[in-house]
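Thanks, everyone, for making the time. Please have a look at the model on the screen, and then I will take you through a few points.

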Amino acid sequence: MNFKEKLERGDFVITAEMAPPKGIDFNHIKECARALKGRVDAVNVTDFQSAVVRASSLGGAKILLDEGLEPIMQITGRDRNRIAIQGELLSAAALGIQNVLALTGDHPSIGDHPEARGVFDMDSVNILQAATKLMNGYDMNGHELSGAPQFFLGASVTPLYDPLELQIIKIKKKIQAGAKFFQTQAVFDIKIIKDFMKRVENLNIKVLVGVIPLKSAGMAKYMNNNVPGICVPDEIIDRMQKAQDKTKEGLTIAAEFIQQIREEKICDGVHVMAIGAEENVATLLDMCGF
Amino acid sequence: MIISKQKPFEEILNFLEDKQNIFITGCSLCATSCMTGGKQQIDEMKERLEQSGKTVTGSTVLDPSCHKLQVRASLKKCKAELEDADAVLCMACGDGAQTVASVVKIPVYPANDTLFIGEIERIGQFYEACKACGQCELGWTAGVCPITKCAKSLLNGPCGGAKNGKCEVNVENDCAWILIYNKLKEQDLLDTLLEIKDPKDYSKAANPRKLVVGR
C-alpha cells in the first residue's frame, strides 16, 4: 500500500526528508534511504532547500525511487517559471514520481547565490492549480497533453503564525487548488499543534506534523531567533542543555512528541526533518517503536 | 516618482576619463525631489568636476528630462555650451538620460542610478511602491501593493516567512500580506482573500512597452 492509500485509509503515516547532495555523490542519501526502506511511508526530496545549489529534487526523487522508497518531490516557484514547472511535473510523472509537495520557496537572498533573480512566476497555490490541470490532461493554457500525469498533491503550512487566520485562508486556497495533504513547519510545543488542528477541524484535511530532532540547545536557540514559525519551548532547551548525550536527548524529545501525537490522534502522521542527520531517523523510529 | 541615487563620484569620473569638457543636465521633477539632479546638485557636481581638472562648459535643469520636445527646445538654447563639450553628464533618471542621449550627438553619461518608482515619506526617505506591472492589483489588496511590497510578489497570501509581522528577507520591512490582511479585516473585506489568484499575466509587462493614446 502506498503513501496516498495509507493516508486515505486513516493509517498513521511517517515521512522523512532528504536533501539531494551538493555534487553528484549520492552515496550518503542512498545509504540513508536503505536504512529507512520499509520503515517510512514516503520521503520528501527538497528542491534547492534554503535556495542553495544542489542536485535537483527530480534527480533526488528518481534516485530514491530506484532505491525502493516512495518520494514526495518538492517543487518551488523560486527557480522556475510556469513553463519549467509544468515540464518538471510531466517529467516527474513519466519517471514514476506520484507525490508532489508544492511550495513557494525561500527567497534567493537567504541562499548561496543571493545575486540570483527569484522567479516566483507562480506561488504554491498556482503550482497546485497547474498540477491539477495537468492531471486533467491539459496544460495551464488549456492545450491538450499526450498522456496525463496522476499526482497525490501536498502543501505546507506554518501552524505557529500570527495572524493564524491568514494561514487558514491560504490552506483553503491550497485545498481548492488540489492539495490533499499538508506537512507542517516543525512544531515542538504540543499545544501549538493541538490549537492548530482545532482551527482546521472542519476542513477535513490530512496533516503530518513536522518534527526536527534537536542536536543541541544552541540549535534550538538559533531556530527560535532565526526561523519563522519555529518556537522551541524553554523546558526543551533546558533538557538539551542538561543532557550529556545531546543527540540522544534530541531524539528522545522527538520520540516523546511523536508518540503523544500518535496516541492522542492529534494528527494523521508525522514528517521528520533531520536536516543533515538523516542517519538518525532510523534510531528515532526505533525509539518510537515503529 | 522615479527615485534615483547619485553614483559614486569615482564611477562618474571613470566614464569621463578621456573627456575634458563636460555639459551637465539635471531634471526639474523627480531628480530634483530626490536631490540628485536639481540646481544645487548640479552646482556641487560642477565644483567637484572642476576640482578633478575638468571644464564644465555649462549646465541646465531640463523641465523635465523625460520630455523629448522640452529637452530638444531647452538644449537648443545651450547650443554654444554643448558645442564646446565632449560629453554630457546627465543628472536625471535612466529615462531622462536616454531622452538626452537621443537628442544630442556627443556621448551622454548617467550620473545617477535609477532605483524604483516610489514615494517620498519625508525628505531623503524614499520607499518603493509600484513595479509598473501593467495590471494594477490595488483594488482588492486594500491599497497595499503585493507585487512591490512582498519580496516574492505573492498574490495568494503570505509565505511562512514572517516573524512578528516582519519579512524574513529584510526584517526592516513589514510583511505586505499581514498589512493587507489587517486593512481588509478593518474594512470587513477578508472574504476577498479567499479567491484564488491565477498566475499573473506577465506578458503585460513585457518590455519595451509603449502607449499611444489617441487624441
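How are helix 8 of chain A and helix 9 of chain A oriented to each other? Before I answer, note that this is a predicted model, where local features need pLDDT of at least 70, side-chain atom pairs count only at pLDDT 80 or more, and totals for chains, interfaces and linings use all residues. Residues are numbered from 1 along each chain as its sequence is written, while chains are lettered from A and ligands numbered from 1 in the order in which they are written.

The axes of helix 8 (residues 217-226) and helix 9 (residues 234-242) of chain A come within 8 Å and cross at roughly 150°, the axes being lines fitted to C-alpha atoms, for helices over the stretch in contact, with angles running from 0 to 180 degrees between N-to-C directions. The two helices of chain A are therefore roughly antiparallel to each other, a term for angles over 145 degrees. In this pairing, A:A217, A:A220 and A:K221 of helix 8 meet A:I236, A:I237, A:M240 and A:Q241 of helix 9, where contact requires C-beta atoms, placed from the backbone, to lie within 7 Å.

Turning to the whole chain, chain A has eleven helices and eight strands, which are DSSP runs numbered from the N terminus (helices H or I, at least four residues; strands E, at least two). Among contacts in chain A between residues at least 6 apart in sequence, 77% join residues at least 24 apart.

Finally, 26 residues of chain A are in contact with 24 residues of chain B, and helix 8 of chain B gives the largest share of chain B's side, three residues.

Notes
Angles under 35 degrees count as roughly parallel, over 145 as roughly antiparallel, 65 to 115 as roughly perpendicular and the rest as oblique. Two residues are in contact if their C-beta atoms, placed from the backbone, lie within 7 Å.
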